[in-house]
Structure formats: structure tokens, C-alpha cells
Amino acid sequence: MTDQTSDLKIGGDPEPTVAVTLPRHVLVIEDEPNIIEAISFILSRDGWVVATHSNGETAVEAVLKLRPDALILDVMLPGRSGYDILQDLRANETTKDLPVLMLTARGQKNDRELAERLGVNKFMTKPFSNAEVLETMRALIEA
Amino acid sequence: MPQSRLTGSRIRERRLYLGVKQAAVARGVGISAAYLNLIEHNRRRIGGKLLNDLAKALSVDPVQLTEGAEDALVGTLRDAAVRVPQAGAETEKVEDLAGRFPGWTSLIAAQHRRIEELELTVETLTDRFTHDPQLAASLHEVISTVTAIRSTASILSEGQDIDPEWQARFLRNMREESRRLSDSAQGLVDYLDTGTDLETTPLVPQEELAGFLSDHNHHFPALEDGFLDLGGQIARLVSGSEHLQTGEARILAKAWLERYVEDALALPLDGFLQEWRRVPGDAAALAGMFRQPLDRVLRRAACLPGEKDADGKSVRGPGLLICDGAGAITYRRPVSGFALPRFGAGCPHWPMYHALARPGSPVSGLVEMGGRTPKRFLCLAIASTFGAPRFDVAPLIEVTMLILPEDEAAPFGGRAAKVGSSCRVCALADCAARREPSILSDAQ
């Protein structure tokens, strides 16, 4: 796992358990390597094509470059917060409707409200369950 | 000059002080006694010539009748009324109230100010917990680690086939994260237990005293050498400390230093130090040798100058705790590895509390303080009475406990009792003395 954006397909070995006609691309912006690995694995197994990115400062560029179908975005990132990134994405014509699941260790009411004001699609507090992440991602993409 | 309605009350107070009848004063300034009565009861406002005449008749400066400490009092009472509007305080009568009941209104004002101070303290604490970067970073680390563990454990336990390479990778991740969680949790507990070294604002005078004593490493050469001008030395030590910000803390420091001097006079440094090195830890022998009470020997042993080993490294000195009859810790000299709660009582298993139940009987106990790296200590405690004895009055008691850290080169023999710091951060399971549940899962 590197800090660079890549088309890393973690979990490429395991066979997807859910058949997806057209592979969906998701970008995971998170700085905890073992969380990245676990999320990437479960999403890959679910049929997603997963790319990862760990740096807040260059996160918007990564999104614009990769054009994922959905985004998983951590709040506390090195360089720039997830809120700032989300704000920029919503201000950009090409990413204003991008489905975003925000993950945070801070689950206070004002954090959630801030995320909602900025246009998050779903807000989830850590620690989360894998099933919850999968269900949310499926729902986001089907919405 | 704007006239306060309290002016009348001051006129009345002044007249009564002079012992002059209302009618006489009224006659002197050319008004009726009934009108002066209305003025004195703040029912009529006065100013100008009449005020000056009355002031002259009462031999007082007119300003003293119109202004005074009451203005501040009335202002505070108005503030208090505004803060609790639901009480429906009759603010239009506040001056009458202050004039008629100065004692009670001063009490209300003092309590209002106290409430404001306490609210500020709570606000400061809340702010500290909300915005403390170290605490936030620690909690974030714990939650992130737990997230990684939960997610990885869930993958491994699902029962689906996982490529052996991935399985090994996830197991390695679990090990890493578990270790990291253990470190972060321990760091968090240490932080909550002992506070932070970053500019911690003392919350109580005892913390100011602790800062002052720590600055001097609990040893005061100026009070050991010659015993000249000790009162002056104590005053200089107290006034020269940046830690002692409040009057209460300075009083505590002065009392402690006076006690220090008494101990130093009874157990001169050179002789005591020599014997302590000869029989380290044998406080009872030294008490007998110097014919001094054991609690004094324990205090003295904790206030010796710091020592260095052959390599020039500082040798860990002993710690000291003193608690009152209610178990509240009144003095603390921390020692590394023996975690002390910042507030509240300590662990009921500490020998100090055993001694509290047996005044006059020395208690020694080998204890093991829990934690990631448990450490052992020999504790020597004695509960002593203080104050002049009085018939049929229970004596005042305090317990002094010296905490001697284990020397790795010469470990203590025997079985150590497991102890903790405070129940909230203690991992001891099945503890009959537990006062409240622990935040550590081990203790559940």
C-alpha cells in the first residue's frame, strides 16, 4: 500500500461474492493503512474496483483524475480535512453529485451537521461494521 | 450629581451613628421630621442644597452619602437578577433591599460571584476536554485502531475462504493494531491520570503547592543550613514562586515549610542522611535512634536531596503521601510508577488506608502497582494524631506513607499485593473494594 493514488485492486484474488454487471469504481481517501486494507478488501470482494489515497492536500486532484463512481472520505487526514475536501468537491461541476460516504472518529452532532451542510450523502462514525459499509455503498450507488 | 435611592439609608445610618434624633436633624435643615423619614426610607430622592445641608448637619461629605460600596453591591444584585429571570426578582426595589438588608444582600452578591467563578471553571474544564489537542489525538488514535481491528477481525471471522497470503497479512495487521491499541490506551490512561506536562492550569490550591514543591524537588537547602532567619526564608520562598498564585496556596506552602523546618530541626540533615544511607528503608530503627515520631522520619526521608549513582544518573527517591482522617490526600510527592489520581481518593488497598484504621500502629506493605509494566513498592505508613488532645473529643488523624521503589539490583522479597491508582482507571478484576466501574475493559 502506498500513499500514491493507484488502481490498486486489493482483494483481487478473492472471487467477488456479488455479481456486478458493470464494475463500480470507488476511491477510498483514508490515512490509516490497516483500515484502508480492510475496507479495500471487503469492497473488492463485493465487486468494486478500489483505488486509495492517503493525503488530504492532493485528495481533490485524485478524485478529479480518477473520476470514481463513489467516494469514501475520512475526516481527519494529513494536510487537509475531509470537510474542506468535500466542500471543494461540491463546488466543482464534475463532482458536485459524487456519492460520498464520510467516515469519522468524531460522531458529535455538530460534526454530522457540518458534513450534511457541506453535502455529504452518508456520514458514518468509527468504528463501523463491514456490513454497514457495504450496505451503505450499495445504497449510495443505487440511489 | 445623580442620586442613588440608597442615599436615604446612608443618611439614616449616619444619623443613628451620631445618636441624633430625626426631628432635630429635620429642624436643623428646615424640613419636617415626616419628610426626613421619607427620605431616610428612600421614598424621596434628594439632591442639591438639601443634600448638602443634611451632609453638613451630619458632619459628613455629601459624596459619602450619595456614593459608596453599595453601588457595586446593587450592580451585582442586578446582575444576579438578570441571570435568573424566572425568579421574578423585583429589580426596581433592589436599592431598597440593599439599603435595608446590607448583610443579606452582600451574601446574595457573594454567592452570585461564586457561581460565576465556578461556571468559569466548569467552562474552562469543558473547553480543555473538548479542545485539548493531546486528548483529541489520543482518542482519535484509539478509535482508528479499534476500527482497523474490528474490520479486520470481521473479515477473518466470516468463515469465507481467504487466500492464505491475505489471511497472513490480516493477522499481521491485527497484531500491529492490537499492540498500537494497547500503547494508545495506556498513554490515554496515563494522561487522564496524571494530567499533561503542557501548561496544566492548577485547579485547586493543592495543585499549586504540588507545583511549588516539585520545582524544589521537595528539598529546601535554605531551610537546612544554619536556621537563620527561617521566617524570612520561608516568606521569600513563598513569594518568589510562580506556582503559588492564590492566597490559599501560599498559606498551604507556608504551613508545609514551617513543618519542614520543624522536621529539619529535629532530624538534622547530615546525621539523618548518613543513617538513612546506612539502613535504607528502616524507618522504625531511625525513629528509635533519633527518638522522633515515625511520621516525621517518613516525611524527612522523602525530602532528602536528590542522589546520583556512580554513572551520574539520578537515583529514584522515595515518594510520600499524606492523607487526612477522611482519606483525602493532602500532600503528595509522586514517585515514578506509582500512579496517583489527580483528584479524589486513591486505592483502598494502599497500606495508607490500612494504617488509617489502626492509628499508632505502623503498617508496612509490599504492593504492585498495575499498569503495562507493573512496578513494586514497599510502603511504610503510620496514622498519627495531631492537635492538642481534648477529653471526649475524637483526635484528629493523618496518615503518612513513604513509598520506596524497588531497586532492580536488590528486589524486595515476598508477595506483593496488587493495587491500583483510582478505580476508574484500574484494571484489577474482581476487586471487592471497587467504588465504581473501570473504563478499562480488563476490569469488567
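# Notebook: a two-chain predicted model

**Entry 1: the helix on the chain B sheet.** I began with α16(B), which lies across β1 (319-324), β2, β4 and β5 (396-405) of chain B. Its direction runs at about 45 degrees to β5(B). The model is predicted, so I checked confidence before going on. In chain B the mean is highest in α16 (residues 294-302), at 95.

Entry 2: I traced the strand order next. Six strands form an open sheet, β2-β1-β5-β4-β3-β6 of chain B, with mixed pairing. Which strands stand at the edges? They are β2 (329-333) and β6 (417-419), and each has a single partner strand, so one side of each has no neighbour in the sheet. From one strand to the next, the twist averages 30 degrees.

I then looked at two of the pairings. β3 (residues 363-369) and β4 (residues 375-386) of chain B pair in the antiparallel sense, over seven bridges. Within that pair, B:V363 stands opposite B:A381 of β4(B). β1(B) and β2(B) also run antiparallel, joined by four bridges. Here B:L320 has B:R333 in β2(B) as its bridge partner. The hairpin of β1(B) and β2(B) has four residues between the strands. In that hairpin I noted B:G327, with a positive phi near 90 degrees.

**Entry 3: the cores.** I looked up the nonpolar cores. The largest has 57 residues. Among the residues with the most contacts inside it are B:L298, B:M352, B:A381 and B:V399. B:M401, B:L402 and B:I403 belong to that group too. B:A381 is also the residue opposite B:V363.

What does B:L298 touch, beyond four places in sequence? I found B:A283, B:L320, B:L380, B:I382, B:T400 and B:L402. Another core lies apart from the largest one and has 41 residues. A:V50, A:L73, A:L86 and B:I149 are among them. As a general point, nonpolar side chains tend to be buried together in soluble globular proteins.

**Entry 4: chain B as a whole.** I counted 17 helices and six strands in chain B. The chain has 444 residues, and 29% of them count as buried. Of its contacts with a separation of 6 or more, 61% come from residues 24 or more positions apart.

Confidence averages a pLDDT of 83 over chain B, and 88% of the residues score at least 70. Where does pLDDT stay under 50? I found residues 195-199 of chain B, for which the model has five contacts beyond four places in sequence. Where pLDDT is low, the predicted coordinates should not be read in detail. I left that stretch alone.

**Entry 5: chain A.** I moved to the other chain. Chain A has five helices and five strands. From the N terminus on, they run β-α-β-α-β-α-β-α-β-α. Buried residues make up 43% of its 143 residues. Of the contacts in chain A between residues at least 6 apart, 67% join residues at least 24 apart.

The five strands form an open sheet in the order β2-β1-β3-β4-β5 of chain A, with parallel pairing. β2 (48-53) and β5 (122-125) are the edge strands of this sheet, so each has one side without a neighbour in the sheet. Neighbouring strands are turned by 20 degrees against each other on average, direction ignored. I also checked β4 (residues 100-104) and β5 of chain A, which pair in the parallel sense over four bridges. A:T104 has A:T125 in β5(A) as its bridge partner.

α2 (residues 59-66) of chain A touches β1 (24-29), β2 and β3 (70-74) of chain A. Its direction makes about 170 degrees with that of β1(A). α3 (residues 82-91) of chain A touches β3 and β4 of chain A. The angle between α3(A) and β3(A) is about 150 degrees.

**Entry 6: where the chains meet.** I finished at the contact between the chains. It takes 17 residues from chain A and 17 residues from chain B. Which element of chain A gives the most? It is helix α1 (residues 33-45), with seven residues. By class, the chain A side has 10 nonpolar, three polar and four charged residues. For the complex, the predictor gives an ipTM of 0.80 and a pTM of 0.48.

Conventions. Residues are numbered from 1 along each chain as its sequence is written. Chains are lettered from A and ligands numbered from 1 in the order in which they are written. This is a predicted model: local features need pLDDT of at least 70, side-chain atom pairs count only at pLDDT 80 or more; totals for chains, interfaces and linings use all residues. A nonpolar core is a set of buried Ala, Val, Leu, Ile, Met, Phe, Trp, Tyr and Cys residues joined through C-beta atoms within 7 Å. A residue is buried if 20 or more other C-beta atoms lie within 10 Å of its own, exposed if 12 or fewer, and partly exposed in between; C-beta atoms are placed from the backbone. Two residues are in contact if their C-beta atoms, placed from the backbone, lie within 7 Å. Two strands pair if DSSP finds at least two bridges between them. Helices (H or I, at least four residues) and strands (E, at least two) are DSSP runs, numbered from the N terminus. Axes are lines fitted to C-alpha atoms, for helices over the stretch in contact, and angles run from 0 to 180 degrees between N-to-C directions. pLDDT is the predictor's confidence in each residue, from 0 to 100. Ala, Val, Leu, Ile, Met, Phe, Trp, Tyr, Cys and Pro count as nonpolar, Asp, Glu, Lys and Arg as charged, and the others, Gly among them, as polar.
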